[in-house]
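Below are some comments on the interface in this model. They are set out as numbered points.

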There are 2 protein chains.
Amino acid sequence: MEQESFLHRVLKIVKDETAPNVPLIEFRHPKELEDILKDDISISDPVSDQQLEESVRKVLHYSVKTNKPTFKNQLYGGTDPYGLAGTWIAEAFNTSQYTYEVAPVFTLIENKMLNHILKLFGFPDGDGIFSPGGSISMLYAIVAARFKAFPEVKSKGIRNLPEMVMYSSESCHYSIMKAAHWLGLGTESVRLIKSNQCGQMVIEELETALKNDINSNKVPIMVNGTAGTTVLGAIDNLDKIADICAEYGVWMHVDACWGGSLMLSQKFRTKLKGIERANSISWNPHKMAGAPLQCSLFLLKERGLLHEANSAAAQYLFQQDKFYDVRYDTGDKSIQCGRKIDAFKLWMIWKARGDIGLNQMTDYIMELAEFCLETVALRPGFRLVSAPLQCPNVCFWYIPSFMRHQTEDEKWWGLMHKITPKIKEILMTSSRMMVAYSPHKEHKNFFRLAFTFHPKLKEKDIIEMLQAIEDCGEMITIENL
Amino acid sequence: MEQESFLHRVLKIVKDETAPNVPLIEFRHPKELEDILKDDISISDPVSDQQLEESVRKVLHYSVKTNKPTFKNQLYGGTDPYGLAGTWIAEAFNTSQYTYEVAPVFTLIENKMLNHILKLFGFPDGDGIFSPGGSISMLYAIVAARFKAFPEVKSKGIRNLPEMVMYSSESCHYSIMKAAHWLGLGTESVRLIKSNQCGQMVIEELETALKNDINSNKVPIMVNGTAGTTVLGAIDNLDKIADICAEYGVWMHVDACWGGSLMLSQKFRTKLKGIERANSISWNPHKMAGAPLQCSLFLLKERGLLHEANSAAAQYLFQQDKFYDVRYDTGDKSIQCGRKIDAFKLWMIWKARGDIGLNQMTDYIMELAEFCLETVALRPGFRLVSAPLQCPNVCFWYIPSFMRHQTEDEKWWGLMHKITPKIKEILMTSSRMMVAYSPHKEHKNFFRLAFTFHPKLKEKDIIEMLQAIEDCGEMITIENL
């Protein structure tokens, strides 16, 4: 069939459009890009395979090549080829993961992966599920914590329950705010606890907030510790959070979406000490570990709770009169009905590389980040935002020559706040690099260079990236800001 | 690199393991399968590419070939090759859809697809988002309806708001129950309105329930009409639901996850008349239309609401000081942070086939379903559960010879309730077919044969499937039940 032959073209198209000589991005502003691609993007009338290929190639030409090591714009980048092979196979087998009958082997593989990872995180008797991203995992966590505290919430809702509150550091991911709205608690139910210079939650402030709330008859249902904040890569003191949660009887969740990958390393997992004392954990192997998007886990210490909280026992799907052992039908643990077999790509990676390969990969990522941090610390014009390294995030300003040796007053910082985005613009429009920037608390816009799966990345590439930042920084004048 | 060469093997592996002579499934019970695949599934130690390929092939050997037309177990099956090509490319480009800078062309493509589909569904000025499945779309719908009624819910939560209630037919998808729990409303907030013989909501009962609730000071926030129930494929009278929603000022959502594909057909879209009067709609092109899992849309009539309800304005991602027009950063409409570029595979399908091709495909699916229904109606031993056809679901019992010409009392139906699953077991273990069964209201277990994207499926294949059911049904005796 002609249409199937298109599949044979995919590998060629992808190879051509991501070849080493292809730039990271050929940036065009939205309106301009709409003009350039008007005919290519248009639908309505069917096109031939050849026309389709031409349009697809143009689409990809103007798309970001997220696999390049100069893509440092997000907390992912660099896809493990085994993971990509896994996801291609998974897509071709187009399987939904709810019942054993539809996904017999994929169910066993999901169980295998969950058990292996649960052990790694210190929940040997735990339970878990693959979810479509860290924000959905945050919803799972709060739902589990709330259900544990008030099981009647499932049928009765929260209207007649006491006022519930949650705690997280002010440097945490924004998903807890979205979740608080969705779950009917409201964003005001989230206590954003101060974080220190390094981005870690100030534990004394947590305890004060807990006491205040308890004294005013509010019910703390969850403390969210972060292992790897989005910007600084901060890891909260999980052991101390665990102590407090134990003392006050509060559910402890750890958002380890970013930093959870450090558990793969014997050397660096100590940074997450205390995580094994949590009630639940979320981890996204699609970030540092190079699994294709999305590959996200939600783990719980207590087995059975996920099913009890989320099951709806749909008669048409989870029939109890099936001819096989229906305990292998795991789909009713999920908020989703149809669910992709995300475990498979992670299994491919793990099978090919083993614990040892993933350990090495993680150590290598941290080694590069450490090198980057040390280089930034010494390099003229660069200034670190925080040290020492927690997760492989290196945050810094580049101070162009014309800004140096001046009084760093409010006006000066106001300029720096504009300089960082301007450097990014020049980096991006010249296709040298895409790098994240952000303000954080009192700090004005700075760069965040985060390291992820890139076995080919070398120290000299890091020097080149810093050089690119410097080159672009030096192109700035007061006038063109 | 050795590891990249594995990607070149994928197409060959997939082709071999899904070849026409490969059976639909080689069923093994869970424990047996665990034994067979013990070494293949195990991880920990890394394996060579050759060993990996061997294990992958074994995994796929025992997996269900969901692309075969004899896979009639779910409301999906049959992947459009253009959609698969799209998803392979999307996976290779590994892009997250939140900001224009990371996904410039994919953002334009998502906009294009949304606008085209919004027009198709009668929301020319509407808004929408791709979500990871119909159940998450249900969450979006309730969140939107609730926010519209009480915008303060975002910050304050629902504790101090009046008691909110929702309405849906008793034949609807279970996701509304899961959503009611998650969103803090509780499952008791869902009024399951009686459905008629054909599975459609009884509108008078809806109105009575609404009046009762209003009289007791409850606030109806949403009526969920279903366009294509999971089992019978029933389409609620959407125009009448719209009348009632207009009269009582209630948000109207239409769960068209299954039946929404009928909008692709000029002939059959009239079945969904009134859908254009809804406030929101969900549609899953990954079901009938053959897009690979997951491809799911949530559409709203009111532009801006999605952003207003869901935005958290994360400073590190949705900076307002970027150098391009940040109105193209659409990610803050989403509950997710990272989000797959699901629009792209649907765009590939639409671009290749056009409106006209999708129209033909839908008509052909309905034609086959109509043929199946007529055949079942006339074929000895078969009995329809309901007619006429709404969505392409054909529901029926097969009554083995030894059960015919008897008084159909409770005991007889008790046997039929066991016979249907038993036939399924034999069909599945002999690899002839996988077909869904379910009880529904007072009806004992029956088969649901639902038609989806399968351009190669012919009438003779349907006859063969019915023959398979008959053959397996005739193998049953009272003794082996």
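1. Buried area here is the accessible area (1.4 Å probe) that two parts lose on being put together, summed over both. For chain A and chain B the figure is about 14000 Å², and 64% of that comes from carbon and sulfur atoms. On the chain A side, A:W182, A:F323 and A:K351 lose the most area to chain B, together 7% of what that side buries.

2. The model is predicted: local features need pLDDT of at least 70 and side-chain atom pairs count only at pLDDT 80 or more, whereas totals for chains, interfaces and linings use all residues. Residues are numbered from 1 along each chain as written, chains are lettered from A and ligands numbered from 1 in the order written, and side-chain values use heavy atoms, without hydrogens and water.

3. Contact (heavy atoms within 4.5 Å) involves 155 residues of chain A and 156 residues of chain B. Because 100% of the interface residues of chain A are also interface residues in chain B, the copies meet through the same surface.

4. Eight salt bridges (a side-chain nitrogen of Lys or Arg within 4 Å of a carboxyl oxygen of Asp or Glu) are counted between chain A and chain B. In one of them B:K156 pairs with A:E188, with the closest N and O atoms 3.2 Å apart. By class, the side of chain A that touches chain B has 81 nonpolar, 41 polar and 33 charged residues, with Gly counted as polar.

5. Chain A superposes on chain B by a rotation of 180° with 0.0 Å of shift along its axis, at RMSD 0.0 Å (least squares on C-alpha atoms of residues with pLDDT of at least 70 in both). The two copies are therefore related as by a two-fold rotation axis.
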